[in-house]
Amino acid sequence: MNRDTMTWTIIFAIGLALILIRIVTSGGLFGKAYVKAVPREYAQVAAPGEDENWIDVTSEEALDYDLTQIPADERITWTSYNQTHPIDYANAMAADPNQSVYQFSFWRTFGIWLSAFFTLAIFSFLYKDNPFYKIAESVVVGVSAAYWMVVGFWSVIIPNLFGKIYPESVQSWAMPGLTGESAKQDLWYLIPLILGVMLLWRLAPKGAWIARWPLAFIIGTTAGMRLMGFLHGDFISQIRNSITSIYVKTAQIAADGTPLLDAAGLPVMGFDFWESLRSIIIIIGVLSCLVYFFFSFEHKGIVGKAAKLGIWFLMITFGAAFGFTVMGRIALLAIRLEFLFDDWLWLLDPSGKRLADTVGLLMQSFPMLT
Amino acid sequence: MKRTVPLIITFLGGVVLIIAYFIPYTQAWGEKAAVFFDVLAAIAFVLGGGNLLKNHLKKVSDRVAGWGYSVICLVAFLVTLTVGLGKIGVNPNTQFSNYAWSGVYDQVGSPFWWLYEYGFKPLTATMFAILAFYVASAAFRAFRAKNFEAILLLGTAFIILLGRTYAGVVLTGFIPDDSAFSGLKLENFTVYIMQVFNTAGNRAIMIGIALGVASTSLKVLLGVDRSYLGSGGD
(Lines give C-alpha, C1' and ligand atoms only; values in the text may rest on other atoms or scores of the structure.)
Protein backbone atom coordinates (compact mmCIF):
# COMPACT_ATOMS: atom_id res chain seq x y z
CA MET A 1 0.00 0.00 0.00
CA ASN A 2 1.60 3.27 -1.08
CA ARG A 3 1.50 6.48 0.93
CA ASP A 4 -1.40 7.99 -1.00
CA THR A 5 -3.64 4.97 -0.66
CA MET A 6 -2.86 4.80 3.04
CA THR A 7 -3.71 8.50 3.53
CA TRP A 8 -7.04 8.16 1.73
CA THR A 9 -7.84 4.95 3.60
CA ILE A 10 -7.20 6.68 6.92
CA ILE A 11 -9.32 9.69 5.89
CA PHE A 12 -12.18 7.42 4.85
CA ALA A 13 -11.91 5.30 7.98
CA ILE A 14 -12.01 8.39 10.20
CA GLY A 15 -14.95 9.84 8.24
CA LEU A 16 -16.88 6.59 8.37
CA ALA A 17 -16.15 6.16 12.07
CA LEU A 18 -17.40 9.69 12.79
CA ILE A 19 -20.62 9.06 10.86
CA LEU A 20 -21.13 5.75 12.70
CA ILE A 21 -20.57 7.48 16.03
CA ARG A 22 -23.09 10.10 15.00
CA ILE A 23 -25.61 7.41 14.02
CA VAL A 24 -25.18 5.66 17.36
CA THR A 25 -25.29 8.82 19.47
CA SER A 26 -28.26 10.35 17.65
CA GLY A 27 -30.27 7.16 17.18
CA GLY A 28 -30.05 7.74 13.41
CA LEU A 29 -31.74 11.10 13.70
CA PHE A 30 -29.84 13.37 11.36
CA GLY A 31 -29.63 14.22 7.69
CA LYS A 32 -33.35 13.67 7.18
CA ALA A 33 -35.93 15.82 5.46
CA TYR A 34 -39.67 15.96 5.96
CA VAL A 35 -42.43 17.40 3.82
CA LYS A 36 -46.01 18.43 4.22
CA ALA A 37 -48.38 17.25 1.50
CA VAL A 38 -50.71 20.03 0.34
CA PRO A 39 -53.47 18.78 -1.98
CA ARG A 40 -54.52 21.18 -4.72
CA GLU A 41 -57.79 20.98 -6.56
CA TYR A 42 -59.09 23.20 -9.33
CA ALA A 43 -62.51 23.07 -10.95
CA GLN A 44 -63.76 24.50 -14.21
CA VAL A 45 -66.62 26.94 -13.62
CA ALA A 46 -68.52 29.45 -15.72
CA ALA A 47 -70.59 32.34 -14.39
CA PRO A 48 -73.55 33.41 -16.56
CA GLY A 49 -72.27 35.51 -19.48
CA GLU A 50 -68.64 34.79 -18.69
CA ASP A 51 -66.00 32.49 -20.20
CA GLU A 52 -65.10 29.24 -18.49
CA ASN A 53 -62.58 29.68 -15.76
CA TRP A 54 -60.50 27.45 -13.47
CA ILE A 55 -60.70 28.21 -9.77
CA ASP A 56 -59.12 26.84 -6.62
CA VAL A 57 -61.85 24.87 -4.83
CA THR A 58 -60.51 26.04 -1.46
CA SER A 59 -60.58 29.75 -2.40
CA GLU A 60 -63.24 32.27 -1.38
CA GLU A 61 -64.19 32.63 -5.03
CA ALA A 62 -65.27 28.96 -5.03
CA LEU A 63 -68.06 29.78 -2.55
CA ASP A 64 -69.92 31.53 -5.39
CA TYR A 65 -70.37 28.24 -7.28
CA ASP A 66 -72.00 24.89 -6.63
CA LEU A 67 -68.93 22.72 -7.02
CA THR A 68 -70.77 19.48 -6.24
CA GLN A 69 -72.29 19.60 -9.75
CA ILE A 70 -68.91 19.70 -11.47
CA PRO A 71 -67.91 16.28 -12.87
CA ALA A 72 -64.51 14.71 -12.18
CA ASP A 73 -63.22 15.32 -15.72
CA GLU A 74 -63.61 19.05 -15.16
CA ARG A 75 -61.43 18.98 -12.09
CA ILE A 76 -57.63 18.98 -11.89
CA THR A 77 -55.85 17.76 -8.79
CA TRP A 78 -52.26 17.44 -7.72
CA THR A 79 -50.26 17.47 -4.52
CA SER A 80 -47.55 19.98 -3.60
CA TYR A 81 -44.90 18.95 -1.08
CA ASN A 82 -43.57 21.75 1.12
CA GLN A 83 -40.47 21.32 3.26
CA THR A 84 -41.41 21.13 6.90
CA HIS A 85 -39.75 20.85 10.26
CA PRO A 86 -39.02 17.40 11.72
CA ILE A 87 -40.79 18.44 14.91
CA ASP A 88 -44.02 19.01 12.95
CA TYR A 89 -43.72 15.48 11.57
CA ALA A 90 -43.07 14.11 15.06
CA ASN A 91 -46.05 15.96 16.53
CA ALA A 92 -48.34 14.82 13.70
CA MET A 93 -47.25 11.19 14.11
CA ALA A 94 -47.73 11.40 17.87
CA ALA A 95 -51.28 12.65 17.34
CA ASP A 96 -52.14 10.14 14.60
CA PRO A 97 -49.65 7.43 13.55
CA ASN A 98 -51.65 6.79 10.35
CA GLN A 99 -51.61 10.39 9.13
CA SER A 100 -50.10 11.07 5.70
CA VAL A 101 -50.01 14.87 5.62
CA TYR A 102 -46.51 15.03 7.12
CA GLN A 103 -44.16 12.61 5.45
CA PHE A 104 -40.54 11.57 5.43
CA SER A 105 -39.08 12.65 2.07
CA PHE A 106 -36.72 10.09 0.60
CA TRP A 107 -35.59 12.32 -2.29
CA ARG A 108 -34.88 15.39 -0.18
CA THR A 109 -33.05 13.23 2.37
CA PHE A 110 -31.03 11.67 -0.44
CA GLY A 111 -30.39 15.22 -1.69
CA ILE A 112 -28.96 16.29 1.68
CA TRP A 113 -26.60 13.30 1.71
CA LEU A 114 -25.60 13.91 -1.90
CA SER A 115 -24.92 17.59 -1.14
CA ALA A 116 -22.80 16.52 1.83
CA PHE A 117 -20.87 14.12 -0.41
CA PHE A 118 -20.31 16.84 -3.04
CA THR A 119 -19.23 19.35 -0.40
CA LEU A 120 -16.71 16.94 1.10
CA ALA A 121 -15.55 15.88 -2.37
CA ILE A 122 -14.74 19.50 -3.27
CA PHE A 123 -13.06 20.09 0.10
CA SER A 124 -10.90 17.02 -0.52
CA PHE A 125 -9.04 19.02 -3.19
CA LEU A 126 -7.44 20.99 -0.35
CA TYR A 127 -5.32 17.90 0.27
CA LYS A 128 -4.71 17.07 -3.39
CA ASP A 129 -6.45 16.23 -6.66
CA ASN A 130 -8.36 12.97 -6.41
CA PRO A 131 -11.13 10.98 -8.16
CA PHE A 132 -13.86 12.29 -5.82
CA TYR A 133 -12.99 15.86 -6.66
CA LYS A 134 -12.93 14.99 -10.36
CA ILE A 135 -16.37 13.37 -10.11
CA ALA A 136 -17.76 16.46 -8.38
CA GLU A 137 -16.05 18.69 -10.94
CA SER A 138 -17.56 16.72 -13.83
CA VAL A 139 -21.01 16.93 -12.26
CA VAL A 140 -20.78 20.68 -11.73
CA VAL A 141 -19.70 21.23 -15.34
CA GLY A 142 -22.54 19.09 -16.71
CA VAL A 143 -25.23 20.43 -14.40
CA SER A 144 -24.26 24.08 -14.77
CA ALA A 145 -24.09 23.93 -18.59
CA ALA A 146 -27.55 22.37 -18.71
CA TYR A 147 -28.87 24.66 -15.96
CA TRP A 148 -28.03 27.84 -17.87
CA MET A 149 -29.38 26.32 -21.09
CA VAL A 150 -32.69 25.61 -19.38
CA VAL A 151 -32.82 29.08 -17.79
CA GLY A 152 -32.07 30.69 -21.15
CA PHE A 153 -34.65 28.57 -22.92
CA TRP A 154 -37.57 29.14 -20.55
CA SER A 155 -36.84 32.72 -19.52
CA VAL A 156 -35.56 34.20 -22.80
CA ILE A 157 -35.97 32.02 -25.89
CA ILE A 158 -39.61 31.06 -25.27
CA PRO A 159 -41.01 34.47 -24.16
CA ASN A 160 -38.71 36.81 -26.11
CA LEU A 161 -38.19 34.86 -29.31
CA PHE A 162 -40.91 32.28 -30.02
CA GLY A 163 -43.40 34.30 -27.99
CA LYS A 164 -42.88 37.17 -30.45
CA ILE A 165 -42.77 35.15 -33.67
CA TYR A 166 -45.55 32.63 -32.85
CA PRO A 167 -47.45 34.24 -29.94
CA GLU A 168 -50.64 32.19 -30.43
CA SER A 169 -48.78 28.90 -30.43
CA VAL A 170 -46.73 29.79 -27.34
CA GLN A 171 -49.82 31.14 -25.60
CA SER A 172 -51.68 27.88 -26.19
CA TRP A 173 -49.27 25.71 -24.18
CA ALA A 174 -46.49 27.47 -22.27
CA MET A 175 -47.56 31.05 -21.60
CA PRO A 176 -51.33 31.25 -21.15
CA GLY A 177 -50.88 34.71 -19.61
CA LEU A 178 -49.53 36.07 -22.91
CA THR A 179 -52.30 38.45 -23.89
CA GLY A 180 -52.84 42.01 -25.10
CA GLU A 181 -50.00 44.03 -26.60
CA SER A 182 -47.34 41.45 -25.76
CA ALA A 183 -49.25 38.78 -27.71
CA LYS A 184 -48.87 40.62 -31.03
CA GLN A 185 -46.74 38.96 -33.66
CA ASP A 186 -43.49 40.81 -34.36
CA LEU A 187 -41.59 39.48 -37.35
CA TRP A 188 -38.55 41.64 -36.55
CA TYR A 189 -37.70 38.82 -34.16
CA LEU A 190 -36.87 36.63 -37.15
CA ILE A 191 -33.55 38.51 -37.13
CA PRO A 192 -32.32 37.05 -33.80
CA LEU A 193 -33.73 33.66 -34.87
CA ILE A 194 -31.65 33.68 -38.04
CA LEU A 195 -28.61 35.06 -36.21
CA GLY A 196 -29.10 32.34 -33.56
CA VAL A 197 -29.08 29.59 -36.18
CA MET A 198 -25.94 31.17 -37.66
CA LEU A 199 -24.36 31.19 -34.21
CA LEU A 200 -25.04 27.47 -33.79
CA TRP A 201 -23.33 26.91 -37.13
CA ARG A 202 -20.08 27.11 -35.19
CA LEU A 203 -20.68 23.49 -34.17
CA ALA A 204 -20.59 22.42 -37.83
CA PRO A 205 -17.26 21.14 -39.16
CA LYS A 206 -17.21 23.71 -41.99
CA GLY A 207 -18.32 27.31 -42.45
CA ALA A 208 -17.45 28.50 -38.93
CA TRP A 209 -17.13 32.05 -40.37
CA ILE A 210 -20.95 32.13 -40.59
CA ALA A 211 -21.01 32.46 -36.79
CA ARG A 212 -19.10 35.74 -37.11
CA TRP A 213 -22.25 37.64 -38.04
CA PRO A 214 -24.15 36.96 -34.81
CA LEU A 215 -20.88 37.29 -32.89
CA ALA A 216 -20.41 40.71 -34.50
CA PHE A 217 -23.91 41.69 -33.37
CA ILE A 218 -23.18 40.54 -29.80
CA ILE A 219 -19.87 42.45 -29.78
CA GLY A 220 -21.44 45.58 -31.28
CA THR A 221 -24.42 45.73 -28.93
CA THR A 222 -22.18 44.96 -25.94
CA ALA A 223 -19.85 47.78 -26.96
CA GLY A 224 -22.80 50.17 -27.39
CA MET A 225 -24.38 49.24 -24.08
CA ARG A 226 -21.10 49.37 -22.17
CA LEU A 227 -20.05 52.66 -23.76
CA MET A 228 -23.18 54.46 -22.62
CA GLY A 229 -23.57 52.52 -19.39
CA PHE A 230 -20.07 53.21 -18.15
CA LEU A 231 -19.97 56.82 -19.30
CA HIS A 232 -23.28 57.59 -17.63
CA GLY A 233 -23.21 55.23 -14.66
CA ASP A 234 -19.56 55.52 -13.71
CA PHE A 235 -17.72 58.36 -15.40
CA ILE A 236 -20.26 61.15 -15.04
CA SER A 237 -21.83 60.00 -11.78
CA GLN A 238 -18.46 59.53 -10.06
CA ILE A 239 -17.34 63.00 -11.10
CA ARG A 240 -20.68 64.45 -10.00
CA ASN A 241 -20.42 62.73 -6.61
CA SER A 242 -16.89 64.08 -6.17
CA ILE A 243 -17.96 67.69 -6.67
CA THR A 244 -18.91 68.37 -3.07
CA SER A 245 -18.54 71.27 -0.69
CA ILE A 246 -15.30 71.36 1.30
CA TYR A 247 -16.85 73.78 3.79
CA VAL A 248 -19.62 71.60 5.20
CA LYS A 249 -22.31 73.08 7.44
CA THR A 250 -24.63 70.87 9.45
CA ALA A 251 -27.52 71.46 11.86
CA GLN A 252 -26.26 72.27 15.37
CA ILE A 253 -27.35 70.03 18.21
CA ALA A 254 -28.05 71.27 21.74
CA ALA A 255 -26.67 69.55 24.84
CA ASP A 256 -29.96 67.69 25.35
CA GLY A 257 -29.68 66.17 21.84
CA THR A 258 -32.37 68.29 20.18
CA PRO A 259 -31.63 70.46 17.11
CA LEU A 260 -30.89 74.13 17.80
CA LEU A 261 -33.43 76.46 16.21
CA ASP A 262 -33.15 80.17 15.44
CA ALA A 263 -35.83 82.81 16.07
CA ALA A 264 -37.62 81.86 12.87
CA GLY A 265 -37.74 78.22 13.94
CA LEU A 266 -35.15 77.14 11.34
CA PRO A 267 -32.21 74.89 12.28
CA VAL A 268 -29.01 76.72 13.21
CA MET A 269 -26.28 75.66 10.78
CA GLY A 270 -22.64 75.56 11.84
CA PHE A 271 -19.26 74.53 10.44
CA ASP A 272 -18.68 70.77 10.67
CA PHE A 273 -14.93 70.17 10.84
CA TRP A 274 -15.00 66.36 10.47
CA GLU A 275 -17.40 66.33 7.51
CA SER A 276 -15.34 69.05 5.81
CA LEU A 277 -12.13 67.07 6.39
CA ARG A 278 -13.82 64.00 4.99
CA SER A 279 -14.82 65.84 1.79
CA ILE A 280 -11.31 67.26 1.41
CA ILE A 281 -9.71 63.82 1.81
CA ILE A 282 -12.06 62.31 -0.80
CA ILE A 283 -11.36 65.08 -3.32
CA ILE A 284 -7.59 64.92 -2.76
CA GLY A 285 -7.75 61.11 -2.97
CA VAL A 286 -9.66 61.07 -6.26
CA LEU A 287 -7.44 63.71 -7.87
CA SER A 288 -4.18 62.13 -6.73
CA CYS A 289 -5.25 58.67 -7.94
CA LEU A 290 -6.21 60.16 -11.30
CA VAL A 291 -2.80 61.84 -11.50
CA TYR A 292 -1.22 58.44 -10.93
CA PHE A 293 -3.30 57.00 -13.82
CA PHE A 294 -2.21 59.87 -16.09
CA PHE A 295 0.84 58.77 -18.03
CA SER A 296 1.13 61.68 -20.50
CA PHE A 297 3.45 63.44 -18.03
CA GLU A 298 6.48 61.95 -16.39
CA HIS A 299 5.81 61.37 -12.70
CA LYS A 300 8.37 63.89 -11.45
CA GLY A 301 8.22 66.93 -9.16
CA ILE A 302 4.74 67.93 -8.01
CA VAL A 303 3.14 65.40 -10.39
CA GLY A 304 5.33 62.65 -8.93
CA LYS A 305 4.39 63.63 -5.38
CA ALA A 306 0.69 63.65 -6.25
CA ALA A 307 1.04 60.28 -7.97
CA LYS A 308 2.79 58.92 -4.88
CA LEU A 309 -0.13 60.06 -2.73
CA GLY A 310 -2.45 58.41 -5.27
CA ILE A 311 -0.56 55.13 -4.84
CA TRP A 312 -1.14 55.32 -1.08
CA PHE A 313 -4.86 55.81 -1.58
CA LEU A 314 -4.93 52.93 -4.07
CA MET A 315 -3.06 50.66 -1.65
CA ILE A 316 -5.70 51.37 1.01
CA THR A 317 -8.41 50.63 -1.57
CA PHE A 318 -6.77 47.36 -2.60
CA GLY A 319 -6.31 46.40 1.03
CA ALA A 320 -10.00 47.01 1.70
CA ALA A 321 -10.95 45.05 -1.45
CA PHE A 322 -8.71 42.19 -0.35
CA GLY A 323 -10.22 42.22 3.15
CA PHE A 324 -13.73 42.10 1.72
CA THR A 325 -12.86 39.31 -0.72
CA VAL A 326 -11.45 37.19 2.09
CA MET A 327 -14.49 37.98 4.25
CA GLY A 328 -16.83 36.93 1.43
CA ARG A 329 -15.03 33.64 0.89
CA ILE A 330 -14.93 32.91 4.61
CA ALA A 331 -18.66 33.65 4.82
CA LEU A 332 -19.25 31.10 2.03
CA LEU A 333 -17.05 28.61 3.85
CA ALA A 334 -19.03 29.19 7.04
CA ILE A 335 -22.26 28.54 5.12
CA ARG A 336 -20.92 25.23 3.81
CA LEU A 337 -19.71 24.20 7.27
CA GLU A 338 -23.09 25.19 8.69
CA PHE A 339 -24.72 22.97 6.08
CA LEU A 340 -22.51 20.03 7.05
CA PHE A 341 -22.86 20.41 10.80
CA ASP A 342 -26.41 21.72 10.96
CA ASP A 343 -28.49 20.53 7.99
CA TRP A 344 -26.67 17.22 7.55
CA LEU A 345 -25.28 16.09 10.90
CA TRP A 346 -27.66 18.11 13.11
CA LEU A 347 -24.72 18.85 15.40
CA LEU A 348 -24.86 22.62 15.43
CA ASP A 349 -28.02 24.32 16.53
CA PRO A 350 -27.72 28.01 15.61
CA SER A 351 -31.45 28.56 15.33
CA GLY A 352 -32.32 26.40 18.33
CA LYS A 353 -34.48 24.06 16.26
CA ARG A 354 -32.48 20.83 16.33
CA LEU A 355 -32.99 20.09 20.03
CA ALA A 356 -36.76 20.19 19.62
CA ASP A 357 -36.48 18.11 16.44
CA THR A 358 -34.35 15.43 18.02
CA VAL A 359 -36.39 15.20 21.21
CA GLY A 360 -39.64 15.13 19.22
CA LEU A 361 -38.42 12.43 16.84
CA LEU A 362 -36.96 10.35 19.68
CA MET A 363 -40.32 10.49 21.45
CA GLN A 364 -42.01 9.40 18.26
CA SER A 365 -39.48 6.61 17.60
CA PHE A 366 -39.45 5.38 21.19
CA PRO A 367 -42.94 5.91 22.66
CA MET A 368 -41.85 4.34 25.95
CA LEU A 369 -39.88 7.54 26.65
CA THR A 370 -43.07 9.59 26.85
CA MET B 1 -18.35 39.11 -47.03
CA LYS B 2 -16.55 37.21 -44.30
CA ARG B 3 -15.02 40.27 -42.63
CA THR B 4 -16.75 43.39 -43.98
CA VAL B 5 -20.33 42.37 -43.15
CA PRO B 6 -19.46 41.55 -39.50
CA LEU B 7 -17.79 44.96 -39.20
CA ILE B 8 -20.94 46.67 -40.51
CA ILE B 9 -23.15 44.60 -38.16
CA THR B 10 -20.94 45.53 -35.19
CA PHE B 11 -21.10 49.21 -36.09
CA LEU B 12 -24.88 49.21 -36.61
CA GLY B 13 -25.60 47.19 -33.45
CA GLY B 14 -23.55 49.58 -31.30
CA VAL B 15 -24.71 52.78 -32.96
CA VAL B 16 -28.41 51.86 -32.60
CA LEU B 17 -27.91 51.53 -28.84
CA ILE B 18 -25.93 54.78 -28.62
CA ILE B 19 -28.40 56.92 -30.60
CA ALA B 20 -31.30 55.34 -28.70
CA TYR B 21 -29.79 56.93 -25.63
CA PHE B 22 -29.85 60.45 -27.09
CA ILE B 23 -32.88 60.44 -29.42
CA PRO B 24 -36.16 59.50 -27.73
CA TYR B 25 -37.74 58.55 -31.09
CA THR B 26 -35.18 55.75 -31.49
CA GLN B 27 -35.49 54.49 -27.92
CA ALA B 28 -37.64 51.53 -29.02
CA TRP B 29 -34.92 50.48 -31.50
CA GLY B 30 -32.41 50.34 -28.68
CA GLU B 31 -34.78 48.30 -26.51
CA LYS B 32 -35.35 45.87 -29.39
CA ALA B 33 -31.61 45.55 -30.04
CA ALA B 34 -31.09 44.84 -26.32
CA VAL B 35 -33.72 42.05 -26.47
CA PHE B 36 -32.04 40.63 -29.60
CA PHE B 37 -28.82 40.61 -27.61
CA ASP B 38 -30.52 38.72 -24.75
CA VAL B 39 -31.89 36.15 -27.20
CA LEU B 40 -28.49 35.62 -28.79
CA ALA B 41 -26.89 35.35 -25.35
CA ALA B 42 -29.45 32.63 -24.47
CA ILE B 43 -28.70 30.84 -27.76
CA ALA B 44 -25.00 31.11 -26.89
CA PHE B 45 -25.79 28.89 -23.86
CA VAL B 46 -27.19 26.33 -26.33
CA LEU B 47 -23.96 26.65 -28.30
CA GLY B 48 -22.02 26.08 -25.09
CA GLY B 49 -24.08 22.99 -24.28
CA GLY B 50 -23.63 21.66 -27.82
CA ASN B 51 -19.90 22.22 -27.62
CA LEU B 52 -19.71 20.41 -24.27
CA LEU B 53 -21.64 17.49 -25.75
CA LYS B 54 -19.39 17.37 -28.82
CA ASN B 55 -16.11 17.48 -26.88
CA HIS B 56 -17.08 14.96 -24.21
CA LEU B 57 -18.62 12.54 -26.70
CA LYS B 58 -15.36 12.66 -28.62
CA LYS B 59 -13.40 11.95 -25.43
CA VAL B 60 -15.62 8.96 -24.67
CA SER B 61 -15.45 7.68 -28.22
CA ASP B 62 -11.63 8.03 -28.32
CA ARG B 63 -11.32 6.45 -24.85
CA VAL B 64 -8.85 9.16 -23.80
CA ALA B 65 -7.50 9.13 -20.26
CA GLY B 66 -10.26 10.09 -17.82
CA TRP B 67 -13.09 9.36 -20.25
CA GLY B 68 -15.12 8.04 -17.33
CA TYR B 69 -15.39 11.60 -15.98
CA SER B 70 -16.72 12.67 -19.38
CA VAL B 71 -19.45 10.04 -19.03
CA ILE B 72 -20.38 11.49 -15.61
CA CYS B 73 -20.40 14.99 -17.08
CA LEU B 74 -22.60 13.91 -19.99
CA VAL B 75 -25.05 12.08 -17.71
CA ALA B 76 -25.30 15.12 -15.41
CA PHE B 77 -25.78 17.38 -18.43
CA LEU B 78 -28.41 15.25 -20.15
CA VAL B 79 -30.40 14.52 -16.98
CA THR B 80 -30.50 18.21 -16.01
CA LEU B 81 -31.40 19.23 -19.54
CA THR B 82 -34.18 16.65 -19.86
CA VAL B 83 -35.88 17.45 -16.57
CA GLY B 84 -35.45 21.20 -17.12
CA LEU B 85 -36.63 21.46 -20.71
CA GLY B 86 -39.36 18.88 -20.15
CA LYS B 87 -40.56 20.62 -16.95
CA ILE B 88 -40.78 17.13 -15.48
CA GLY B 89 -42.62 17.05 -12.16
CA VAL B 90 -43.67 20.71 -12.46
CA ASN B 91 -47.24 21.45 -11.42
CA PRO B 92 -49.24 23.89 -13.55
CA ASN B 93 -49.49 27.55 -12.67
CA THR B 94 -52.34 27.92 -10.15
CA GLN B 95 -53.92 30.64 -12.32
CA PHE B 96 -53.86 28.43 -15.42
CA SER B 97 -54.29 24.99 -13.92
CA ASN B 98 -55.50 23.42 -17.20
CA TYR B 99 -52.23 24.33 -18.95
CA ALA B 100 -49.85 21.51 -18.05
CA TRP B 101 -46.76 23.49 -19.15
CA SER B 102 -47.68 26.77 -17.46
CA GLY B 103 -45.71 26.15 -14.23
CA VAL B 104 -42.29 27.69 -13.65
CA TYR B 105 -39.38 25.46 -14.66
CA ASP B 106 -37.63 25.77 -11.27
CA GLN B 107 -40.69 25.13 -9.12
CA VAL B 108 -39.84 24.03 -5.57
CA GLY B 109 -40.06 20.25 -5.32
CA SER B 110 -39.53 19.57 -9.03
CA PRO B 111 -36.59 17.40 -10.18
CA PHE B 112 -34.93 20.44 -11.79
CA TRP B 113 -35.18 22.32 -8.49
CA TRP B 114 -33.78 19.23 -6.76
CA LEU B 115 -30.75 19.18 -9.08
CA TYR B 116 -30.19 22.89 -8.47
CA GLU B 117 -30.69 22.72 -4.69
CA TYR B 118 -28.72 19.55 -3.99
CA GLY B 119 -26.28 19.53 -6.91
CA PHE B 120 -25.53 22.87 -8.51
CA LYS B 121 -25.80 25.06 -5.39
CA PRO B 122 -23.60 23.08 -2.96
CA LEU B 123 -21.02 22.35 -5.64
CA THR B 124 -20.58 25.92 -6.81
CA ALA B 125 -20.77 27.37 -3.29
CA THR B 126 -18.09 24.96 -2.06
CA MET B 127 -15.90 25.68 -5.10
CA PHE B 128 -15.95 29.37 -4.18
CA ALA B 129 -15.61 28.59 -0.47
CA ILE B 130 -12.31 26.74 -0.89
CA LEU B 131 -10.93 29.89 -2.48
CA ALA B 132 -10.79 31.23 1.09
CA PHE B 133 -7.91 28.85 1.76
CA TYR B 134 -6.11 29.68 -1.48
CA VAL B 135 -6.51 33.44 -1.04
CA ALA B 136 -5.18 33.18 2.52
CA SER B 137 -2.33 30.93 1.41
CA ALA B 138 -1.40 33.19 -1.53
CA ALA B 139 -1.57 36.28 0.68
CA PHE B 140 0.67 34.64 3.27
CA ARG B 141 3.28 33.88 0.63
CA ALA B 142 3.03 37.07 -1.43
CA PHE B 143 2.41 39.85 1.08
CA ARG B 144 5.51 41.20 2.74
CA ALA B 145 5.56 44.47 4.63
CA LYS B 146 8.77 45.53 2.87
CA ASN B 147 7.83 49.15 2.12
CA PHE B 148 5.31 51.80 3.12
CA GLU B 149 2.83 50.92 0.32
CA ALA B 150 2.81 47.26 1.31
CA ILE B 151 2.29 48.21 4.95
CA LEU B 152 -0.70 50.36 3.95
CA LEU B 153 -2.23 47.49 1.98
CA LEU B 154 -1.62 44.89 4.68
CA GLY B 155 -2.69 47.20 7.50
CA THR B 156 -5.94 48.14 5.77
CA ALA B 157 -6.79 44.51 5.00
CA PHE B 158 -6.05 43.59 8.62
CA ILE B 159 -8.19 46.42 10.01
CA ILE B 160 -11.07 45.62 7.64
CA LEU B 161 -10.98 41.92 8.50
CA LEU B 162 -10.75 42.59 12.21
CA GLY B 163 -13.27 45.42 12.22
CA ARG B 164 -15.95 43.24 10.68
CA THR B 165 -15.62 40.52 13.29
CA TYR B 166 -16.60 40.27 16.93
CA ALA B 167 -12.92 40.08 17.90
CA GLY B 168 -12.40 43.59 16.52
CA VAL B 169 -15.27 44.95 18.57
CA VAL B 170 -13.88 43.33 21.72
CA LEU B 171 -10.30 44.51 21.10
CA THR B 172 -11.22 48.20 21.12
CA GLY B 173 -14.26 47.85 23.34
CA PHE B 174 -12.48 49.76 26.11
CA ILE B 175 -12.84 53.05 24.16
CA PRO B 176 -16.07 54.77 25.28
CA ASP B 177 -18.64 55.37 22.55
CA ASP B 178 -19.06 59.04 23.40
CA SER B 179 -15.36 59.90 23.74
CA ALA B 180 -13.34 61.95 21.25
CA PHE B 181 -11.48 58.75 20.32
CA SER B 182 -14.55 56.69 19.46
CA GLY B 183 -13.50 56.90 15.79
CA LEU B 184 -10.55 54.69 16.69
CA LYS B 185 -12.83 51.82 17.70
CA LEU B 186 -12.11 49.19 15.04
CA GLU B 187 -15.69 48.90 13.86
CA ASN B 188 -15.90 52.70 13.41
CA PHE B 189 -12.43 52.96 11.90
CA THR B 190 -13.37 50.29 9.34
CA VAL B 191 -16.44 52.29 8.34
CA TYR B 192 -14.31 55.46 8.05
CA ILE B 193 -11.77 53.72 5.82
CA MET B 194 -14.55 52.36 3.62
CA GLN B 195 -16.42 55.65 3.36
CA VAL B 196 -13.46 57.95 2.84
CA PHE B 197 -10.21 56.37 1.61
CA ASN B 198 -11.80 53.42 -0.16
CA THR B 199 -14.41 55.68 -1.75
CA ALA B 200 -11.72 58.01 -3.09
CA GLY B 201 -9.65 55.16 -4.56
CA ASN B 202 -12.66 53.38 -5.99
CA ARG B 203 -13.95 56.56 -7.63
CA ALA B 204 -10.68 57.10 -9.43
CA ILE B 205 -10.56 53.45 -10.47
CA MET B 206 -14.16 53.59 -11.76
CA ILE B 207 -13.45 56.78 -13.72
CA GLY B 208 -10.41 55.06 -15.23
CA ILE B 209 -12.37 51.91 -16.06
CA ALA B 210 -15.17 53.94 -17.65
CA LEU B 211 -12.71 55.81 -19.86
CA GLY B 212 -11.02 52.53 -20.78
CA VAL B 213 -14.32 50.84 -21.64
CA ALA B 214 -15.44 53.85 -23.68
CA SER B 215 -12.24 53.95 -25.72
CA THR B 216 -12.22 50.16 -26.24
CA SER B 217 -15.88 50.22 -27.30
CA LEU B 218 -15.18 53.01 -29.79
CA LYS B 219 -12.25 51.07 -31.21
CA VAL B 220 -14.47 48.02 -31.70
CA LEU B 221 -17.40 49.98 -33.18
CA LEU B 222 -15.20 51.91 -35.60
CA GLY B 223 -13.41 48.76 -36.73
CA VAL B 224 -10.01 49.77 -35.33
CA ASP B 225 -9.97 46.68 -33.11
CA ARG B 226 -10.94 43.62 -35.18
CA SER B 227 -9.42 40.92 -32.99
CA TYR B 228 -12.85 39.35 -32.34
CA LEU B 229 -13.03 38.37 -36.03
CA GLY B 230 -10.02 36.10 -35.65
CA SER B 231 -7.14 35.89 -38.07
CA GLY B 232 -8.08 32.88 -40.22
CA GLY B 233 -9.98 33.04 -43.49
CA ASP B 234 -12.61 30.58 -42.25
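Between domain 1 of chain B and domain 2 of chain B, six residue pairs are in polar contact, both partners having pLDDT 80 or more, in what is a predicted model. On the side of domain 1 of chain B that touches domain 2 of chain B, the largest share, six residues, is supplied by helix H1 (residues 4-22) of chain B. By class, this side of domain 1 of chain B comprises seven nonpolar and two polar residues, with no charged residue. Across the same interface of domain 1 and domain 2 of chain B, zero salt bridges are found. The area buried between these two domains of chain B amounts to about 810 Å², of which 72% lies on carbon and sulfur atoms.

The two domains of chain B span residues 4-131 in the case of domain 1 and residues 133-229 in the case of domain 2. To their contact, domain 1 of chain B contributes nine residues and domain 2 of chain B contributes 10 residues. The C-alpha centres of domain 1 and domain 2 of chain B are separated by 34 Å.

The interface of chain A and chain B was examined in the same terms. In this predicted model, the contact draws on 124 residues from chain A and 117 residues from chain B. Together, chain A and chain B bury about 11600 Å² between them, and 80% of that area is on carbon and sulfur atoms. Within chain A, the residues that lose the most area to chain B are Met149(A), Trp154(A) and Arg212(A), which together account for 7% of what the chain A side buries.

As for polar interactions across the interface of chain A and chain B, 18 residue pairs are found in polar contact, with both residues of each pair at pLDDT 80 or more. On the side of chain A that touches chain B, helix H4 (residues 131-165) of chain A gives the most, with 28 residues. Divided by class, the side of chain A that touches chain B holds 82 nonpolar, 29 polar and 13 charged residues. Two salt bridges are found across the interface of chain A and chain B. A salt bridge joins the side chains of Lys308(A) and Glu149(B), with an N to O distance of 2.9 Å.

Key: Residues numbered from 1 in each chain as written. Chains lettered and ligands numbered in written order. Predicted model: local features only at pLDDT ≥ 70, side-chain atom pairs only at ≥ 80, totals over all residues. Heavy atoms only, no water. Domains from an automatic or database assignment. Contact = heavy atoms within 4.5 Å. Buried area = accessible area lost by both parts, 1.4 Å probe. Salt bridge = Lys/Arg side-chain N within 4 Å of Asp/Glu carboxyl O. Polar contact = N/O pair within 3.5 Å; in protein donor to acceptor, adjacent residues only side chain to side chain. Helix = DSSP H or I, 4+ residues; strand = E, 2+ residues; numbered from the N terminus. Nonpolar A, V, L, I, M, F, W, Y, C, P; charged D, E, K, R; others polar.
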